[in-house]
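Have a look at the sequence and the fold, then read on.

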Amino acid sequence: MSLRDWPIKRKLTAILVVISGLVLLLTSAAFAGYQYWSLRQTTRDALSVRGRIIAANSTASLAFSNEADARELLAALRADPHIVAAVLYDKVGHVFAAYPADVAGNAVPAAPGPDGYRFERGRLIGFQPVEEAGSQRLGTLYLASDLEAVYDTLRLSVVIGLAVMGVALLAAYLLSMVLQGTISQPILALAETAKAVSTRQDYSVRAPKLGEDELGALTDAFNQMLGRIEDQKDELQRHAADLERRVEERTHELQERNESLRRNAAELLAANTELDAFAYSVSHDLRAPLRSIDGFSQVLLEDYAAQLDEAGRESLHRVRAASQRMGTLIDDLLKLARVTRAEMRTEDVDLSGMARDIASELQRAAPERQVEIRDCPGAEDAGRRTAAARGPRQSPPQQLEIHCEAVGGARRIRIRRRERRPGLRGPGQRRRLRHEVRGQAVRRVPATAFRCRIRGHRRRPRNRPAHHQPARRPDLGGRCRRSGSDVLLHPVMARFRGPGGSCEPGKDPAGGRQP
Amino acid sequence: MNPGKILLVEDNPDDVALTLRALKSHNITNDVVVAEDGAQALDYLFGTAGKSPAEKELPAVVLLDLKLPKVNGMEVLQRIRASEGTRLLPVVILTSSDEERDVIEGYSLGANSYVRKPVDFVEFTQAAKQLGLYWLLMNRAPPVPRRP
């Protein structure tokens with residue numbers, strides 16, 4: 001663990017102890033240096049005093065060359081255990097007497113050196129001139145002392161110093177342990193709080209404030225921040241709960257609506273299926289008696305024509321025409337039932353193309369009829385102008401076949417695109433029977449809608465024989481009659497209504513039916 | 001005229017009368033055996049409950065209605081195709097229905113032809129005439145299978 005990662009307590013203690021130790025060390029070093037220097041001075045002064053005394057006492061021995069006296073004098077140095085050697089040299093520098101007596105020749109200098117005291121090779125040595133008072137030099141005294149006394153004192157001082165330092169460091173450590181708390185405690189408390197917030201996401205905890213210093217201000221700011229966060233979090237939670245409740249309510253509501261829609265759809269489907277089955281069955285059962293009516297009328301016409309007058313034959317023709325007309329109606333009902341049974345789907349189709357197909361089909365079926373097609377856009381236009389139409393799951397052109405079947409009897413069919421500008425809708429236009437299909441594309445291009453007009457033909461001339469008409473529709477009270485299956489008009493229109501489309505019957509300008 | 005018989009399976013007496021008349025008016029004088037329901041048709045073809053079967057001479061063509069009491073037309077057709085003796089017998093479905101599902105089912109059960117009865121009697125006699133001409137004159141009947 002690097003120093004940077006140490007806990008703050010240890011860091012503070014270490015800093016305090018290191019500083020204390022350094023101060024003590026420097027102080028002790030200065031003190032030891034001074035003591036060493038002063039001890040050396042004292043030792044040299046003491047040796048020089050002793051040298052002068054012995055030199056003064058040995059003048060007589062040297063002056064009278066009394067060697068025994070001189071040796072005795074030097075032997076008195078035994079009292080000082082630190083004096084390791086002493087030599088008296090005569091006037092010419094020869095050794096006159098030495099201490100201790102058995103000192104080796106190489107342990108002491110053979111000739112006296114320059115006068116004075118100095119430290120040399122771990123010893124203090126000195127050459128003291130031996131002179132008679134104020135005149136003649138008689139010889140030289142050499143003294144050598146070891147420095148054990150100095151070292152002993154120094155050693156003692158070091159031991160004392162180390163002991164003091166140890167005690168002082170211990171005291172510094174203990175004190176720093178106590179005192180660092182004033183700084184580290186608030187920081188640690190802050191850190192603890194921050195940790196609790198981040199791990200438990202608990203914004204209700206607060207850091208304890210331990211003083212009014214900068215750390216106290218920091219703690220206050222931190223606590224305020226926590227308070228604000230807590231408030232915001234509470235508010236957010238309230239909002240979230242509210243939102244969740246609302247979503248749940250809405251979901252429940254939607255589910256209920258869905259369920260009800262599903263029920264309705266199922267009921268509708270069942271009703272529709274029943275109706276279809278009914279229509280299918282009825283249509284089939286109706287055809288059999290019709291065939292009999294028509295067949296036996298023909299039998300009468302063929303076998304008993306002679307017994308019948310013109311009116312009787314006309315009546316039989318009418319019976320046949322009516323039954324055939326009814327057959328057509330039943331066929332149309334069957335077709336419708338078949339279309340209704342097919343599955344519904346919505347998709348984009350090319351209405352213009354379909355209109356063209358239907359128109360050409362009608363033209364082919366009845367070449368004598370006048371088919372007028374206006375404003376049928378070309379193929380390049382078709383993609384852009386597609387409109388959604390609804391129909392059974394068949395190829396698109398077939399889905400308008402119902403339409404085509406329904407209007408097949410009409411003299412003219414017009415399916416054209418029309419600009420929906422309210423100002424252009426004159427009274428004449430409004431009187432027309434029209435089928436309007438508005439689909440997806442119409443919503444995309446609001447100015448466009450499709451209109452299909454079915455116009456009936458004029459009333460048949462009175463002089464035309466009735467049996468030439470293959471089928472007639474009942475007079476609805478208008479001035480015009482149309483052929484084709486009117487019974488299917490409303491189902492077909494309903495087919496075109498539904499989501500995304502609309503279909504409205506209008507009036508025929510020639511005075512057609514009023515829906 | 002081909003001596004082959006026609007088996008007409010039809011429950012509606014009016015339709016029977018009209019069909020017979022239509023055939024007669026076009027000089028199709030072959031014997032017409034009328035079965036009023038599916039069970040009678042099967043009795044005639046296979047012979048059950050003591051009645052002598054018409055095995056010796058199968059009809060040249062069967063005109064089969066679909067909506068029949070007791071045994072319906074589809075079932076009759078199924079039985080005809082299932083039996084070894086009548087497997088190849090020409091069967092023309094002659095019915096009021098032109099429902100796609102009926103057409104598909106009829107053909108998949110092996111009908112040779114499917115004709116819808118028109119309401120218009122003139123058209124109906126035309127259809128009967130053409131059926132008679134085709135199946136009795138033009139069509140070559142399948143060989144009568146040898147009985148074990």
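This is a predicted model: local features need pLDDT of at least 70, side-chain atom pairs count only at pLDDT 80 or more; totals for chains, interfaces and linings use all residues.

## A parallel strand pair in chain B

Strand β4 (residues 91-95) of chain B runs parallel to strand β5 (residues 113-116) of chain B, and the two pair over four bridges. Here, two strands pair if DSSP finds at least two bridges between them. Helices (H or I, at least four residues) and strands (E, at least two) are DSSP runs, numbered from the N terminus. One bridge to look for joins B:I93 to B:Y114 in β5(B).

To get from β4(B) to β5(B), the chain passes through helix α4 (residues 100-108) of chain B, making a right-handed β-α-β crossover. Right-handed means that, with the strands pointing away from the viewer, the path from the first strand over the helix to the second runs clockwise.

## Where the chains touch

Chain A puts 13 residues into the contact, and chain B puts in 13 residues. Residues count as in contact if their C-beta atoms, placed from the backbone, lie within 7 Å. On the side of chain A that touches chain B, α6 (214-303) and α7 (310-341) of chain A each give two or more residues. The most come from α6(A), with ten residues.

Residues are numbered from 1 along each chain as its sequence is written, while chains are lettered from A and ligands numbered from 1 in the order in which they are written.

Chain B has a mean pLDDT (the predictor's confidence in each residue, from 0 to 100) of 83, with 89% of its residues at 70 or more. For the complex, the predictor gives an ipTM of 0.79 and a pTM of 0.42.

Definitions and conventions
Two residues are in contact if their C-beta atoms, placed from the backbone, lie within 7 Å.
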